[in-house]
4 protein chains.
Amino acid sequence: MAESQARISLEEFERLCAESAPFLRHYDFRTEDIGVGSARVRLPYDERHIRPGGTVSGPAMMALADFCMWAAVLGAIGNVPLAVTTSLNINFLRKPDNTDILCHARLLKQGRRLAVGDMWLHAENDGEPCAHATATYSIPPLPEN
Amino acid sequence: MAESQARISLEEFERLCAESAPFLRHYDFRTEDIGVGSARVRLPYDERHIRPGGTVSGPAMMALADFCMWAAVLGAIGNVPLAVTTSLNINFLRKPDNTDILCHARLLKQGRRLAVGDMWLHAENDGEPCAHATATYSIPPLPEN
Amino acid sequence: MAESQARISLEEFERLCAESAPFLRHYDFRTEDIGVGSARVRLPYDERHIRPGGTVSGPAMMALADFCMWAAVLGAIGNVPLAVTTSLNINFLRKPDNTDILCHARLLKQGRRLAVGDMWLHAENDGEPCAHATATYSIPPLPEN
Amino acid sequence: MAESQARISLEEFERLCAESAPFLRHYDFRTEDIGVGSARVRLPYDERHIRPGGTVSGPAMMALADFCMWAAVLGAIGNVPLAVTTSLNINFLRKPDNTDILCHARLLKQGRRLAVGDMWLHAENDGEPCAHATATYSIPPLPEN
């Protein structure tokens with residue numbers, strides 16, 4: 001039973017974001033779900049994320065992917081805010097529609113020191129992904145328990 | 001002579017950014033130099049970019065790298081705002097100091113359809129890089145000239 | 001109907017490999033399936049691919065991923081041998097068992113100029129992947145048809 | 001003085017390769033130099049590495065990059081054969097000439113647990129790189145000293 005429950009709740013995760021990650025205010029991410037090594041996050045469509053051509057900017061999509069992976073990692077290891085990205089790779093696949101963008105992240109590997117995951121981004125109401133990313137997080141040494 | 005001069009001036013580049021890329025306002029990037037396939041951009045230190053641990057967030061560094069690469073690409077091909085990132089890979093190497101972050105980008109390849117470059121990021125006054133990235137831009141078909 | 005049929009047959013693909021890709025002889029890949037933008041390839045376990053620690057080397061897995069992606073690309077665009085990899089990113093997730101390694105590739109995007117795909121590698125009889133990769137192929141201009 | 005000397009000698013490195021890495025025989029790499037976190041390796045031109053179009057295959061270049069990075073890592077940390085690649089990203093930039101290919105690797109970061117480096121590949125007698133790669137190695141816990 002415990003295995004299927006995220007090690008951080010949505011409430012605790014949102015409190016952590018509000019208290020210690022000021023950079024998130026700009027994006028207004030909505031964390032819709034956190035599981036054990038998985039997460040779903042929404043980037044609300046907003047004029048402030050627009051790039052030439054009228055679509056959501058690459059940096060906003062990279063921020064979304066990285067944030068969603070962080071949520072998935074904390075869903076697996078609990079409230080360890082100093083888990084940090086060591087690398088991220090993203091492929092931009094299609095111009096997204098001018099709507100909210102959703103990201104799904106899941107861990108491919110959860111080691112003691114590293115977690116690796118992939119992230120799918122798609123415009124709401126579009127079945128095809130607009131971007132795909134992979135990332136590695138470094139997990140700081142955890143207290144024994 | 002012409003070979004050593006960027007195909008977009010700083011003034012023209014800044015006008016393009018102001019007119020068609022609203023997402024840039026958040027970052028307040030200072031484009032300090034554009035050459036033929038190279039650029040140097042500064043991210044001023046600001047509380048709004050801070051992540052847990054008090055340092056500049058990964059997304060802010062990814063945005064800086066991507067933007068600096070875009071400046072380098074336009075420095076090589078001229079004012080072609082629809083050149084778009086197709087992929088970006090970043091390695092975070094060290095926690096940067098709490099100062100401005102500088103990025104240098106240069107093209108490794110400039111083809112007709114793709115440009116590939118790498119980007120070095122470092123905290124001001126620190127000789128060691130805090131991140132290294134590579135990216136590929138897709139260049140839309142250009143009018144013959 | 002045509003949509004669901006690969007644009008290159010297994011026989012034609014194997015003939016192409018035998019005739020023009022001498023580097024493949026070393027790996028002895030078995031192409032088990034090619035679909036429209038997908039492929040499954042087996043790397044038979046062999047002492048010649050072993051690295052320190054007794055497991056299949058990273059380079060053998062990278063070769064497998066790249067080759068499997070090539071099969072998937074040709075399954076989507078037909079016999080275009082000069083489609084070439086422009087970039088590849090791989091994450092090694094777990095030490096594989098000392099068995100054959102299987103790779104599944106599928107395209108995430110098939111554009112006119114670029115194809116992007118991801119590849120999953122796993123040791124036979126192991127449900128967990130030992131590696132995950134993404135790659136971009138450049139598609140040469142095709143004759144109109 | 002000690003700082004400028006590689007922690008593994010060319011002789012010791014070659015013995016390690018010969019004894020525990022059978023997969024290397026196929027490539028016939030020539031390790032020309034190992035420093036503290038740097039290395040230079042040559043891939044002799046050979047018909048067995050050829051891909052469609054007559055040039056050295058991507059997998060041979062990936063193997064070269066990965067091997068050269070391994071030499072650079074052991075040059076920094078000593079004879080630790082179980083240092084393993086966790087990720088590798090490569091951009092293929094130009095078709096190389098049909099000559100030997102040289103690779104230079106150097107570490108961008110050497111942490112206790114991870115080493116990150118980049119690798120430049122170029123055909124002999126060609127100043128322009130044919131490929132550029134970055135890779136991360138995981139360093140197993142070392143005995144205290």
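A: Happy to. In this predicted model, helix α2 (residues 58-77) of chain C packs against helix α2 (residues 58-77) of chain D, with an angle of about 150° between them and their axes 9 Å apart. Since angles over 145 degrees count as roughly antiparallel, α2(C) and α2(D) are therefore roughly antiparallel to each other. Their crossing is right-handed. On the α2(C) side the contact is made by C:G58, C:P59, C:M62, C:A63 and C:D66, and on the α2(D) side by D:G58, D:P59, D:M62, D:A63 and D:D66. Sorted by class, this helix contact holds six nonpolar, two polar and two charged residues.

Now let's look at what the helix from chain D rests on. α2(D) lies across β3 (84-92) of chain C as well as β1, β2, β3 (84-92), β4 (101-110), β5 (114-123) and β6 (131-138) of chain D, and it runs at about 45° to β4(D). Those strands belong to an open sheet of 12 strands with antiparallel pairing, in the order β1(C)-β2(C)-β4(C)-β5(C)-β6(C)-β3(C)-β3(D)-β6(D)-β5(D)-β4(D)-β2(D)-β1(D). As you follow that order, β3(C) is next to β3(D), where the sheet passes from one chain to the other. The edges are β1 (30-35) of chain C and β1 (30-35) of chain D, each of which pairs on one side only. Neighbouring strands in this sheet are turned by 15° against each other on average, direction ignored.

Where the chains meet, β3(A) and strand β3 (residues 84-92) of chain B pair in the antiparallel sense over five bridges, with B:I90 in β3(B) as the bridge partner of A:L88. Eight bridges join β3(A) to β6(A), again running antiparallel, and A:I90 has A:A133 in β6(A) as its bridge partner.

Stepping back to the chain contacts, 30 residues of chain A are in contact with 30 residues of chain B. On the chain A side, α2 (58-77) and β3 (84-92) each supply at least two residues, and β3(A) gives the largest share, nine residues. That side divides into 15 nonpolar, 11 polar and four charged residues. Between chains A and C, the contact takes 12 residues from each chain. There, β3, β4 (101-110), β5 (114-123) and β6 (131-138) of chain A each supply at least two residues, and the largest share, three residues, comes from β6(A). By class, this side of chain A has four nonpolar, five polar and three charged residues.

Finally, a word on confidence: the mean pLDDT of chain A is 93, with 95% of its residues reaching 70 or more, and the model scores ipTM 0.94 and pTM 0.95.

Methods. Residues numbered from 1 in each chain as written. Chains lettered and ligands numbered in written order. Predicted model: local features only at pLDDT ≥ 70, side-chain atom pairs only at ≥ 80, totals over all residues. pLDDT = per-residue confidence, 0-100. Contact = placed C-beta atoms within 7 Å. Helix = DSSP H or I, 4+ residues; strand = E, 2+ residues; numbered from the N terminus. Nonpolar A, V, L, I, M, F, W, Y, C, P; charged D, E, K, R; others polar. Pairing = 2+ DSSP bridges. Axes fitted to C-alpha atoms, helices over the stretch in contact; angles between N-to-C directions. Parallel < 35°, antiparallel > 145°, perpendicular 65-115°, else oblique. Left-handed = near helix turned anticlockwise from the far one by under 90°.
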